[in-house]
Amino acid sequence: MNNFNFYNPVKILFGKGQISAIADEIPAGARVMVTYGGGSIKKNGVYEQVMTALKGHTVIEFSNIEPNPHYETLMQAVEIAKRQQIDFVLAVGGGSVVDGTKFIVAAMEFEGEDPWDIMTKRVPVERAVPFGAVLTLPATGSEMNSGSVVTRVSTKEKLAFSSPFTFPKFSVLDPETTFTLPLRQVSNGIVDAFTHVLEQYLTYPVNAPLQDRMAESILLTLIEEGPKAIHNPQDYDTMANIMWSATMALNGVIRVGVPTDWATHYIAHELTALHGIDHARTLAVVLPSLLRYKGKEKREKLLQYGERIWGVDAGTEDERLEATVMATVSFFESLDIRTKLSDYEVGEDTVKTIVKRFQERGVKNLGERADIQIDDVQQILMMSL
Ligand code: NZQ
Ligand code: ZN
């Protein structure tokens with residue numbers, strides 16, 4: 001097992017009715033900015049629950065944070081929050097609202113010229129205004145991690161940052177808030193969380209059986225509960241299991257002491273930036289090709305994954321590898337998530353554009369062995385056409 005430091009200070013308030021407890025988590029007298037998206041929280045009672053809980057606080061609102069949150073929108077929030085002397089921000093919504101809020105709280109304290117430098121020049125975030133979250137879409141894990149992904153519309157860039165200062169102080173996970181999710185978002189969430197686990201698991205063995213089995217337990221839970229969620233998205237117990245699985249998939253626990261491979265996410269973000277395809281769907285396109293392309297390097301873990309998760313135990317090694325990738329593809333497709341670029345009307349010209357962008361950005365050394373270079377990215381994308 002590799003050395004590791006583990007730090008995760010996020011307090012989780014899980015379950016029905018927990019929104020009412022948020023006032024106890026926010027300093028008395030704090031001026032609170034509530035951030036949210038396009039209005040789903042007004043249709044499912046979450047907004048009312050939040051406002052009732054915050055009635056002892058001064059509250060201002062910032063709405064219309066879009067999916068794949070825009071830097072341009074978030075900067076408006078930063079300006080308002082500074083003017084209003086906001087000292088606590090509460091994100092209410094899906095991963096985009098939570099991610100957007102992380103950027104807002106970091107940008108509020110940013111002392112350089114343009115907070116976008118946090119993304120492009122990797123200027124470290126050294127302070128941030130405290131914030132909490134009420135999650136309404138299980139998928140990203142953003143509610144219990146310090147990462148954020150922001151899109152700059154003017155340049156069509158979608159880039160990530162993280163900092164020890166952008167962990168939420170607390171996150172409410174009430175499965176009832178998910179009951180209004182469109183099926184498309186339920187499927188997206190399952191595939192996003194599943195891919196997060198695979199990116200921390202399908203690398204090479206370092207004799208970390210506990211991390212392996214924890215990763216496998218999340219995968220198996222998603223495989224069992226996913227179809228139930230699609231058939232009955234208002235079943236409390238099912239959504240509770242999906243919600244906790246998605247959080248556990250990316251809160252840092254399963255990545256300790258093991259190599260990770262975030263190449264799928266890194267490449268897939270370009271497809272959202274260029275074509276607006278839902279995040280999870282871009283992962284479903286890139287991941288199978290990446291696993292095939294890197295089948296040799298990932299062989300031991302892929303065979304383990306195939307056998308323990310999908311029961312693939314017969315045939316030659318190559319046959320087992322292909323059967324394992326196909327089982328993953330079939331799972332995604334069973335959730336109505338297509339897995340080819342052509343399913344999204346994306347062709348070779350986009351592959352060329354991504355390659356050019358990576359060249360300009362000097363992208364190199366992706367993957368757990370730092371051996372995925374731009375030529376490899378091109379081949380992986382060509383295999384996804
Ligand atoms: O904007 P509203 O009206 O709230 O509607 C949203 C949005 O249209 C809707 N929605 C959310 N909760 C709902 C609901 N509709 C009905 N009922 C509810 N309870 O769902 C739509 C999508 O929301 P969004 O927040 O964009 O989805 P998701 O949670 O999948 O977040 C995706 C973003 O997270 C980033 C992605 O790149 C993408 O930008 N990621 C963040 C990560 C992190 N911070 O660790 C890791 C992930 O890999 C991912 O990259
Ligand atoms: Zn993701």
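In this predicted model, His-196 places a polar side-chain atom 2.7 Å from an oxygen atom of ligand 1. Two further side chains make polar contacts with the ligand, as the table shows.

| Residue | Ligand 1 atom | Distance |
|---|---|---|
| His-196 | oxygen | 2.7 Å |
| Asn-145 | oxygen | 2.9 Å |
| Asp-99 | nitrogen | 2.7 Å |

The protein buries 88% of the 960 Å² that ligand 1 exposes when taken alone. Helices α4 (95-108), α6 (183-201) and α9 (263-275) each give two or more residues to the shell, as does strand β6 (147-152). The shell holds 32 residues, and His-196 is among those that come nearest, with Ser-40, Ser-96, Lys-158 and His-265. By class, 21 shell residues are polar, eight are nonpolar and three are charged.

Where does ligand 1 lie relative to the two domains? Domain 1 (11-177) and domain 2 (183-383) both contribute shell residues, so the ligand lies between them.

Now the aromatic residues. The structure holds 13 aromatic pairs. One joins Phe-194 and Phe-331: their ring centres are 5.0 Å apart and their planes meet at 50°, so the pair is tilted. Phe-194 sits in helix α6 and Phe-331 in helix α12 (residues 317-334), so this pair ties together parts 137 residues apart in sequence. Both residues are buried.

Tyr-201 and Tyr-305 form an edge-to-face pair, 6.3 Å centre to centre with 75° between the planes. Tyr-201 is in helix α6 and Tyr-305 in helix α11 (residues 299-310), so the pair links parts 104 residues apart in sequence. Tyr-201 is buried at 1% relative accessibility; Tyr-305 is buried at 0%.

Tyr-71, Phe-103, Trp-116 and Phe-161 form one aromatic cluster.

Technical notes: Residues are numbered from 1 along each chain as its sequence is written. Chains are lettered from A and ligands numbered from 1 in the order in which they are written. This is a predicted model: local features need pLDDT of at least 70, side-chain atom pairs count only at pLDDT 80 or more; totals for chains, interfaces and linings use all residues. Side-chain values use heavy atoms; hydrogens and water are left out. A residue is near a molecule or strand if one of its heavy atoms lies within 4 Å of it. A polar contact is a pair of N or O atoms within 3.5 Å; within protein, one must be able to donate a hydrogen and the other to accept it, and residues adjacent in sequence count only if both atoms are side-chain atoms. Accessible areas come from the Shrake-Rupley method with a 1.4 Å probe; for residues, only the protein chains shown count as cover. Helices (H or I, at least four residues) and strands (E, at least two) are DSSP runs, numbered from the N terminus. Ala, Val, Leu, Ile, Met, Phe, Trp, Tyr, Cys and Pro count as nonpolar, Asp, Glu, Lys and Arg as charged, and the others, Gly among them, as polar. Domain bounds come from an automatic or database domain assignment. Rings of Phe, Tyr and Trp (its six-membered ring) pair if their centres lie within 6.5 Å; planes under 30 degrees apart count as stacked, over 60 as edge-to-face and the rest as tilted. Buried means under 20% relative accessible area, exposed over 50%, partly exposed in between (1.4 Å probe, protein chains only).
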